[in-house]
Every structure is written in structure tokens, then in C-alpha cells.
Amino acid sequence: MPVITLPDGSQRAFAKPVSVLEVAREIGPGLAKATLAGEVNGKLVDANCVMIENATVRIITDKDSEGLEIIRHSCAHLLAQAVKILFPSAQVTIGPVVENGFYYDFAYERPFTPDDLTAIEAKMFELAALDQPIERLVRGRNEAVAFFRQLGERYKAEIIADIPADAEISLYKQGDFIDLCRGPHVPSTGRLLAFKLTKLAGAYWRGDPANEMLQRIYGTAWADKKSLKTYLQRQEEAEKRDHRKLGRRLELFHFQEEAPGMPFWHAHGWTIYRLLMDYIREKLRDRAYLEVHTPQVIDRILWEKSGHMEKFSHDMFMTSSENREYAIKPMNCPAHVQIYNQGLKSYRDLPLRLAEFGCCHRNEQSGALHGLMRVRTMTQDDAHIFCTEDQIQAEVSHFIDLLYEVYADFGFNEVQIRLATRPPQRVGSDEVWDKAETALATALNEKHLSWTFNRGEGAFYGPKIEFSLKDSLERIWQCGTIQVDFSMPGRLGATYINERSEKAVPVMLHRAVLGSLERFIGILIEEYAGAFPAWLAPVQAVVLSITEKQATSAEIIAKTLKNQGFRVESDLRNETISLKIRDHAMQRVPYQIIIGAREVENNVLAVRTRAGDDLGNMTLDTFSDRLKSDIACRGRNVFGGKEYSR
RNA sequence: GCCCAUAUAGCUCAGUCGGUAGAGCACUCCCUUGGUAAGGGAGAGGUCACCGGUUCGAAUCCGGUUAUGGGCUCCA
């Protein structure tokens, strides 16, 4: 006689055991039709899950985020079913839900082709139209292993073999296709209406490069066709913001075959680069950092002492001269310790904050390169803070404040924070790692920031906090970081004299706010869709003459503004004003100053914005004040480039 | 590094069965001297990524290399 409690607190009594779907039917036929699954006593279950005893039940439909996830998960199964029908000898492995969709990994004797993808998708639609019921079956572990072995599905058998012996194993059956799965799933394949296979990729079995490579098929799935269409359109829009495309169009940088992963910065891109450095310098000055500069090329002996040769050499470019071997620096830290080591340090000198716009080279795997986001030569806004153990918390806290101040100036409010803990390849004792990880976690908690663990992903010398931002396609890139290092100062002989006149080893904090200037600029381009706030725009205003008669006046105006410190150009070409406006709007110049006969006569500027707003006439001084206050706003209150979509 | 795909004019892209390459924009010149997102005309521009093979003949077919794109692994 189960009594079912619903989320609104109401209760319904049933004479006999009742399924989630039957509960929904009791409430209303509309809800029953929309039911995808249920949440019974806090646990997600299938719609046909039967409750024998009293329970708290929530009906899951496609309006719930869980509902959408279930749709995506069921789509992954539909994909596997289609592949097994078209390619019976393919073996199934795993098929999880990911952001916006799902994927499924298969082992098959030949690569899938784009044509196969089309055929698979067509088969999926066919199967969905059949509206096959999806049934849950429960088996003992050994029985399940035997079942998949007999099917020749060795990957599935391997997965189950790792599940505890006494655990109950659930299988899901749709048509003739049976897959191992925790569930829940939608009640029948006809509930899958809006999906699309998007890409084909390789992926290692269990994510381990030592294992064979499987073929991964990605797809996206939504509750209805409209959402799918919206998503696909949004992706298309996002691709237009790709920093690699905008980088070329706005003449910011280029890459070429002879220097893979190493950008050639053009004048406009370099302007942004310099502005970022100037901005960070201001912040460093305010926060008592000392800027230094160290060599690019340093004898390998130093890298052996620091541990880089052992743990990082696969990423290092080496060079030699006169029987000496050198490394092109991949990091600045050992060099900063050398500066620290010059002269005896007292506890009174700590914390000592050494900053450098350190240009580093890392021999990244060719397949890892990605525009400005992952390069082989980069400049970090790097600094190393030498301090005592007691000062760590305060320094980390001080840094987090700085980072948030800076990110706010760029208009970022969505920052993902992760605490990366000890990796398998590391230096230093477990005791030291415990201490360092605790210090970082405590600092984050004291700021009441929400963060997650990124276990096993710390640097080889210490744990780190990663501050990540998203690109236009929502890919996440680590930018800021702070890392505690109890090892390197000791390895490189850094010491100070403490209050009791004893020699002690300082702790070193590695930290960067922007991360690499390259990556940060890549993120900025995509965030602003190329429409940089006036603060960062390579050209802040352009003066356009309507006819050749205004050429001199236009040039005088441009010159005057330049002398006031603005980045201003003039366009005196023998072209129509419409064309000039279009050209500079496409170049995303914030302001266009139009000078025709009327403006010359009245000694005013006709100003319009790159978004197409006509600001009317104003004096040069008024314009200058306006631009000045725009610049002072930095990147706060920008609209993410949304207004500049055309 | 691994898997799949791609590489044609400065850019974006066509190019069918293997028969010596085409458009739009950009560029140069000429006309036009204009009023808020493309005024008109003409011209120039390519060892079809690179190396090799098949063929009477290769942008096209085959092999290799490099780079790029999407993933995996890795990472700022």
C-alpha cells in the first residue's frame, strides 16, 4: 500500500505497487506523456520503476536538467545500437553524456568515415521512429560477464569485471541490442527526437595512451528540434569568433609552417600585447613586486638541479655550443631563484616578489597546438614569491584578490577554479605535499570561492590553483595559477636567516594572473568577438574624409588626437564614405569620425560607433573626453561583442 | 605523439570521368568628388603545401613528408 509523496508535499495512496509512470498518469495525462524518468527517494530511476513501499517521487520530464541528460544518454545507446546493426563486428565500450551531447567509443577493424557517420545517423532516426521500448534487466556480475564475453564484447566484459563481485548489474535492452548501463533511460526510443552526430575522433581506451585507440563518435541531443536548431546556430555564431579567423582579419598575428606554434605578431596584435604588459606592470607596482629579466638560454646543469631535466625534458628545446649543452627556458622559476640567491637574505626581506614577463619555449606535442591557446613560445606574466611557511596563506589570499581585480577589468565574471593535487611524477615528500595542498585549499575556503579538485594534475614541484576561462566554443583554458613549491628553493640552495639567526629554506609560490599573454589574448579576442574595448583597441578612432577637400582638416584632427595619446588613424582614400565606414566597422574600430564640408565649416566632428550608432556632432574636446572615460572603464560593462555580430 | 579529416590566387571557396585552373572580395590603374555598413569600369595575380610514384598526360590516382582543423593524451 505505497503512499507516494510528491515535491509539493501532497501525498497519494495506491492500493498496489505503482510505477513512476502510473503516478504521473494519476496526476494527469499530459504529465504522463512527458514523463522520461523519475527520482525516487533522491535516486534517478526509469519511468517504469515500480515502488512497493512509501516513497518520495519526483517526475522527470525534458524540462528538468536531469531529463535532458537522460535523453542524451539514451541517444548514446541509440548510436551504439545503430552502429551494431550496420557494423556487427564493432565492439561497444562506453557512451557517456557530455556538455550539450554525448559520445560513444567503438573498437572496429577499420576507421569510420564521414559517410559512415551519415549512414549511422540515418539508422538512428529509423530506430527512433520504431519507438522500441527500452527495458531494464538485472543480472548477477558473473552472468553479465559471461553474457558479454559470449557476444565477443571484451571491453564491456572488462568494465564489469572491475565492478565489485556482489554488485547488481543492470542491462538495458532496446530491440535486439543489449548494453550494460547504470541508467536510467527514456521509456522508448521514440522519445529521442532531436539529435545530430557531430564529429569523429580517436580516443584511447580508458584514456591511457598505452592502450589501443578507439573511435569516438560525438553527437548533440536536445529535447526538441527547436533547441537543437538553436544550439547549432549558436555553434555557427561561435565559430565566427574564432580567434584564429579574427586574428587574420584584424591583422593581429599569423602563423606559418616554418614556425609551428610560434605566432608572428603584427602591429595591431602587438599593440594589445604591449597594453597588457603595461597594465600588469601597474598592478605589480601597486602590489610591491620587483620586475626582473633573466636569460633565455641556460646550461642544462641548472635544469638538472631544478629537476626539470628529469620531469620536464620531453617538453624542452635543447641547444649546444662549444661542448656545452643548454636548454631554452621552459619556465622562469630556476632563474628567479638565481636572483634570490645573490646576497644573503634575512626573514626581513620576505616576502620577496620577483616578477618577469618571461618568454618561455616548450616543445608541445604537435597535435596539442591550437592557435594562440596552445603555442610553443609564450610570455607569462610570471612571478615567484619567496616567503616563509607562515606567510603562504596571506600571499595566496593577496594574489587571489589581485586576480579577481584584473579579471573584472577585462569583464570576466565566469572563472572556473580548480585545485590540482599531486601528480604521479613529482618531487618532494608526501608530507610536504600534504602541507602545500592544505594551504591552497584553506586560502580558497577563506575567500568563500567555489572550487573543485583536479586530482593528480598538479605541477611536478607542487600543487596549484587553476583559474580557467572559456573560449567561444566553451572550451576551458587555464589562465591564472598559483602554485606552492616546497621543493625547488631547497634543490637550488635558496636560504634566508630567520629570527633565531638560523639558516632556513624559503617557500616559493609560482603565480601568473593572465597565464600566457598569447592564450589570454586568444581568450580576449573570442570574448569580445574582436571588438576590443577602447582601452585595448589597436586603433581607437579613425578619421574619415568625405572628399579630398577635407583631407587636411582630417589629418589635423587625427594628429591632434594622437598628440593627446590616443591611437588614431586617418582614412583619406578616394572612396565613398559608405565604403570607409563599412571597412572600419569591420575592423572593429570603436569610433569613426566623419569629416565633410559641414564639419570643417562648423569646426565639429561627426562621430559614430562601430556598432552603427550615430552620436551626432561634437567638439574635439568633447570627443576626447568621451574616449578618455571609455578607456578608464577598461573592459568593465562590455557586451561580449554581441552587438557586433554582422 | 596518437586517430580522423583537410591543404587550389592575399582572403573565402568552385574545379564532374586524369587532358596544362575559375569566381567573389582584396590589390593596381582609370572614371566618379561622394553624407553614414560595398559607386562604376579595366587590369594584374596560381610550379594547385612539399617530395616521390603510376600514366602519353596528374590539382585530380597512389605512397611519403610538413602544416592546419576536430578529438585523445598533455598543458599556461
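# Inside chain A and along its RNA

The side chain of Asp-409 reaches the side chain of Arg-636 in a polar contact of 2.8 Å. Polar contacts here are N or O pairs within 3.5 Å; within protein, one atom must be able to donate a hydrogen and the other to accept it, and residues adjacent in sequence count only if both atoms are side-chain atoms. The model is predicted, so local features need pLDDT of at least 70 and side-chain atom pairs pLDDT 80 or more, while totals for chains, interfaces and linings use all residues. Residues are numbered from 1 along each chain as its sequence is written, chains are lettered from A and ligands numbered from 1 in the order in which they are written, and side-chain values use heavy atoms, without hydrogens and water.

Stay with Asp-409. Its place is in helix α13, residues 392-409. A second polar contact, of 2.6 Å, links its side chain to that of Tyr-279. Is Asp-409 buried or exposed? Asp-409 counts as buried because its relative accessible area is 5%; buried means under 20%, exposed over 50%, and partly exposed in between, with a 1.4 Å probe and protein chains only. Set aside the neighbours within four places in sequence, and Asp-409 is in contact with Tyr-279, Lys-283, Trp-535, Arg-634, Gly-635 and Arg-636. Contact means heavy atoms within 4.5 Å.

Now step back to the whole chain. Chain A has 646 residues, and 52% of them count as buried. It holds 20 helices and 35 strands. These are DSSP runs numbered from the N terminus: helices are H or I with at least four residues, strands E with at least two. The C-alpha trace spans about 85 × 75 × 55 Å along its principal axes. Take the contacts in chain A with a separation of 6 or more: 68% of them join residues 24 or more positions apart.

Phe-112 and Leu-200 are 88 residues apart in sequence, yet their C-alpha atoms are 7.8 Å apart in space. Phe-112 lies in the loop between β10 (101-107) and α4 (114-130). Its relative accessibility is 5%, so Phe-112 counts as buried. Beyond four places in sequence, its contacts are Val-83, Phe-87, Phe-106, Leu-200, Gln-215 and Ile-217.

The search of the whole structure finds one cavity of 30 Å³ or more. Which residues line the largest cavity? They are Ile-280, Lys-283, Leu-284, Asp-381, Leu-402, Arg-511 and Val-513. Lys-283 is also one of the contacts of Asp-409. Helix α9 (267-286) gives the most to this lining, with three residues. By class, the lining has four nonpolar, no polar and three charged residues.

The largest pocket holds about 1,600 Å³ of space. On a 1 Å grid over the protein atoms alone, a cavity is a set of points where a 1.4 Å probe fits but cannot get out; a pocket is an open set with protein on both sides within 12 Å along at least five of seven lines; lining residues have an atom within 4 Å of a point. Points are joined across faces, edges and corners, and a volume is the space filled by probe spheres set on them. The largest pocket is lined by 47 residues, and Arg-362, Arg-374, Glu-457, Lys-464 and Gln-478 lie nearest its centre. Strand β27 gives the most to this lining, with six residues.

RNA strand B comes next. It is surrounded by 60 residues, and the closest are Tyr-204, Ser-366, Arg-374, Lys-464 and Asn-574. Near a strand means a heavy atom within 4 Å of it. Single atoms tell more. A polar side-chain atom of Gln-478 is 2.5 Å from a sugar or linking oxygen of RNA strand B. An N or O atom in the side chain of Glu-364 lies 3.3 Å from a base nitrogen. Arg-598 brings a polar backbone atom to 3.1 Å from a base oxygen.

Finish with some backbone details. The peptide bond from Gly-183 to Pro-184 is cis, with omega near -5°. Pro-184 sits in the loop between β13 (177-180) and β14 (194-204). The bond from Leu-350 to Pro-351 is also cis, with omega near -5°. His-448, a residue other than glycine, has a positive phi near 55°. His-448 is found in the loop between α14 (430-446) and β25 (452-454). With a relative accessible area of 73%, His-448 is exposed.

Methods
Ala, Val, Leu, Ile, Met, Phe, Trp, Tyr, Cys and Pro count as nonpolar, Asp, Glu, Lys and Arg as charged, and the others, Gly among them, as polar.
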